[in-house]
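Biologist: I have just opened this model and would like to go through it with you. Shall we take it one question at a time?

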Amino acid sequence: MSSTIERSGVGAELSRWRRARRLSQLELSTLAGTTQRHLSFIESGRSQPGRPLVIRLAESLGLTLRERNDLLTVAGYAPMFAESGLDESALRPVRVALEQILHGHMPYPALVIAPYGRVVAANDAVEVFTEDASPELLAPPVNMLRLMLHPDGMGRRVRNLNEWGRHVIENLRARARRSPDPRLDAFVAELAEYVPQTPVGPGHLGFSVPMRLASADGELRLITTLTSFATATDITLAELHLEAFLPADETTAELLRIRAERRRTGKHDHQGHPRQ
């Protein structure tokens with residue numbers, strides 16, 4: 001009975017993922033180097049796939065490392081990929097490299113973000129994002145996505161919150177479609193409540209929209225780049241991404257340089273605001 005349940009479980013999971021990827025049995029079997037008949041038997045619970053085939057099917061479906069481990073477990077096999085703590089010695093070279101990247105990106109903001117927006121590292125320039133934010137939003141662990149859109153965070157300072165917020169939320173929805181996750185769905189629903197539901201105008205720039213952020217020094221126009229560890233074999237590393245912000249114009253670049261110099265020399269009043 002247990003064997004039948006296991007076969008039914010992995011078959012159901014493969015069918016669910018295949019449909020989510022909008023692949024036919026023929027298409028997936030071809031990608032994974034097996035036959036449509038064999039895949040059909042696996043999905044119906046009539047055949048138990050070997051570990052190598054489960055791995056090939058997971059790769060062909062484009063599953064994340066965590067999802068591949070889950071599929072192996074459902075099929076009755078040991079997980080393939082380790083999940084190390086970021087503070088463990090195995091990831092020390094990665095931590096050093098990330099610190100160098102964050103420092104090298106100065107005077108522009110850059111962060112290392114874990115799933116659901118949790119900040120695990122950042123450079124000093126991210127203080128432009130925390131300016132006048134509610135202390136509750138800055139309590140560790142800081143969630144960058146919530147901070148960006150929340151009205152008590154950056155939301156009240158983002159001049160084009162409708163466009164920028166839509167950009168953030170649509171990226172998350174695309175991720176949720178690719179890797180269905182009830183927790184992510186709930187988070188997206190929360191963030192969507194912070195973004196005005198106004199029509200997008202004819203000047204909408206889509207994915208290339210810069211964030212227009214008000215600051216004590218004037219308006220900043222920032223664009224963002226995302227970098228991930230595409231060849232990672234550790235789940236923790238694979239789930240991290242580096243979000244680096246760049247100035248969209250020379251005025252923004254100069255203001256960020258000024259802010260960096262002011263931090264270096266400590267030219268702030270007793271409340272932390274720049275001296276006039």
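**Questions on the predicted model**

Biologist: Before we go on, what pLDDT do local features need here?
Modeller: Residues are numbered from 1 along each chain as its sequence is written, and side-chain values use heavy atoms, with hydrogens and water left out. This is a predicted model, where totals for chains, interfaces and linings use all residues, side-chain atom pairs count only at pLDDT 80 or more, and local features need pLDDT of at least 70.

Biologist: Thanks! Back to G165: which residues is it in contact with, leaving aside neighbours within four places in sequence?
Modeller: G165 sits in helix α9 (residues 161-178); helices are DSSP runs of H or I with at least four residues, strands are runs of E with at least two, and both are numbered from the N terminus. Its C-alpha atom is 8.4 Å from that of L191, 26 residues away along the chain. Taking contact as heavy atoms within 4.5 Å, the partners of G165 are L149, N160 and V195.

Biologist: And the whole chain: what share of its contacts with a separation of 6 or more comes from residues 24 or more positions apart?
Modeller: The protein chain has 12 helices and 5 strands, and buried residues make up 42% of its 276 residues. Of the contacts with a separation of 6 or more, those between residues 24 or more positions apart account for 58%.

Biologist: I'm curious about the aromatic pair F129 and F245: how many residues apart in sequence are the parts that it ties together?
Modeller: The structure holds 1 aromatic pair, where rings of Phe, Tyr and Trp (its six-membered ring) pair if their centres lie within 6.5 Å, and planes under 30 degrees apart are stacked, over 60 edge-to-face and the rest tilted. F129 and F245 are 4.8 Å centre to centre with 65 degrees between the planes, an edge-to-face arrangement. F129 is buried at 0% relative accessibility, and F245 is buried at 0% too. Because F129 lies in helix α7 (residues 127-130) and F245 in strand β5 (residues 241-247), the separation of these parts is 116 residues.

Biologist: How are α2 and α3 oriented, roughly parallel or roughly perpendicular?
Modeller: Helix α2 (residues 25-32) and helix α3 (residues 36-43) pack with their axes 8 Å apart, at about 110 degrees; axes are lines fitted to C-alpha atoms over the stretch in contact, and angles run from 0 to 180 degrees between N-to-C directions. The contact involves Q25, L26, L28 and S29 of α2 with Q36, L39, S40 and E43 of α3. Angles under 35 degrees are roughly parallel, over 145 roughly antiparallel, 65 to 115 roughly perpendicular and the rest oblique. The two helices α2 and α3 are therefore roughly perpendicular.

Biologist: Last one: what relative accessibility does R22 have?
Modeller: R22 is not a glycine, yet it has a positive phi of about 60 degrees. D132, also not a glycine, has a positive phi of about 60 degrees and is partly exposed at 47%. R22 is in the loop between α1 (2-20) and α2, and it counts as exposed because its relative accessibility is 77%.

Terms used
Buried < 20%, exposed > 50% of the residue type's maximum accessible area, 1.4 Å probe, protein only.
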